[in-house]
Structures are given as structure tokens and as C-alpha cells.
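Reader: Please pick one part of this structure and look at it closely. Then connect that part to its surroundings.

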Amino acid sequence: MFIPHPNLSDDVNANIVQAEIEGGVSLGDLPPSTVLEIQTQHHRYTAVFLGESQALISGHPEYCPEPVLVAIAGSTWGGSMLKLRYIGRGMHLEFCHPEYRTPIVTSRIQEVRECIHLSFEESSNVNNSAVSSARPTSTQSTPAPSMLARGTFTKPS
């Protein structure tokens, strides 16, 4: 049971409770090469988790139409408070793009799924921050049973 922190506002405590109810995934629980599909209000992103906070992300027509190496900071409720290395439903994903000085913040995350049966044709070099191509050949996705069992993902309602 969650006990509100006395030094945090009621709004912040409510956001923390809501994040636990909505669910999501902690990057620390993911093995490298995990492929996530992140559906926001406006776009569907594909993120190939590389370890730590690094990922190849694509899905935004302006910022990442092709996979680009980014650092995922975490998720926010729309303000300055950030849940580090976490991708949460009902929150906004925040990531650092190598071509922009300020972080990219997505629209509200509606669903986070681990893609399964996804293979990549890699004709790319990850050279510091340059990625030329990494295209999925299949887009079937579902919450992974192994992640559901560990409580990292929540089943869609």
C-alpha cells in the first residue's frame, strides 16, 4: 500500500499512485536487444533497447523517422518531475536526441508492448551516435508473458 510522502504535494503523490496503477516498464528490468512498441496519443514508436538508457528509436515523422540512437531519460507527468529510466502508461516519454539541445517529450503514452518475433536487417554501424539503417521485418507485438509474470508490464484492460 502506498503511503503519501509528507514532503510532496497531493498532486505529485496522486501521480505516483496513478503511475503504479497504469503500469509501465523500468529500463533496468530489460535485457539489451529488447524491442518495445510505444503507442502515444499521436505516434507509434519502436525502441530497440541497447542497455543502460540507450535505445534506437523511430516513429516520429520529424524527430526520428528512421532509427536514431537516443538516451531515454524516463517519463514525466507533463511537468519537471521525471521518473528516471521508466516508460509509463499515462505519462510522457522523454528522450535526448543527438541533434537537439533540449529533450524530446512525447504525447501521453497509451500502451507499452514488447515486440516478439521481430528480426532486424542490420546494415548499420553504431558509430558514436550515427545509425544508418535498422528496419524491422515483422511488426507483430504483444505484452511478453515473461515480462507480465515479473510485473513489469500490465495487461491492457
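Author: Helices (H or I, at least four residues) and strands (E, at least two) are DSSP runs, numbered from the N terminus. With that settled, take the loop between S3 and S4, where Glu52 lies.

Some ground rules come next. This is a predicted model, so local features need pLDDT of at least 70 and side-chain atom pairs count only at pLDDT 80 or more, while totals for chains, interfaces and linings use all residues. Residues are numbered from 1 along each chain as its sequence is written, and side-chain values use heavy atoms, with hydrogens and water left out.

Start with the backbone. Most residues other than glycine have a negative phi. Glu52 is not a glycine, yet its phi is positive, about 55°. Is Glu52 buried or exposed? Buried means under 20% relative accessible area, exposed over 50%, and partly exposed in between (1.4 Å probe, protein chains only). Glu52 counts as exposed because its relative accessibility is 63%.

Ser33 also has a positive phi, near 80°, and is not a glycine. Ser33 sits in the loop between strand S1 (24-26) and S2. Its relative accessible area is 56%, so Ser33 is exposed.

Now step into strand S4, where Gln54 is found. Gln54 has a relative accessible area of 40%, so it is partly exposed. Which residues does Gln54 touch, leaving aside its neighbours within four places in sequence? Contact means heavy atoms within 4.5 Å. Gln54 is in contact with Val48, Phe49, Leu69 and Val70. Ile72 is 18 residues away from Gln54 along the chain, and their C-alpha atoms are separated by 6.2 Å.

A nonpolar core is a set of buried Ala, Val, Leu, Ile, Met, Phe, Trp, Tyr and Cys residues joined through side-chain atoms within 4.5 Å. The largest one has 20 residues. Ile57, Ile72 and Phe95 are among those with the most contacts inside it. The elements that give two or more residues to this core include strand S3 (44-51), strand S4 (54-58) and strand S5 (68-76). A second, separate core of 5 residues includes Leu56 and Leu69. In soluble globular proteins, nonpolar side chains tend to be buried together.

Finish with Phe95. Beyond its neighbours within four places in sequence, Phe95 is in contact with residues including Ile57, Val70 and Ile72. Val70 is also one of the contacts of Gln54.
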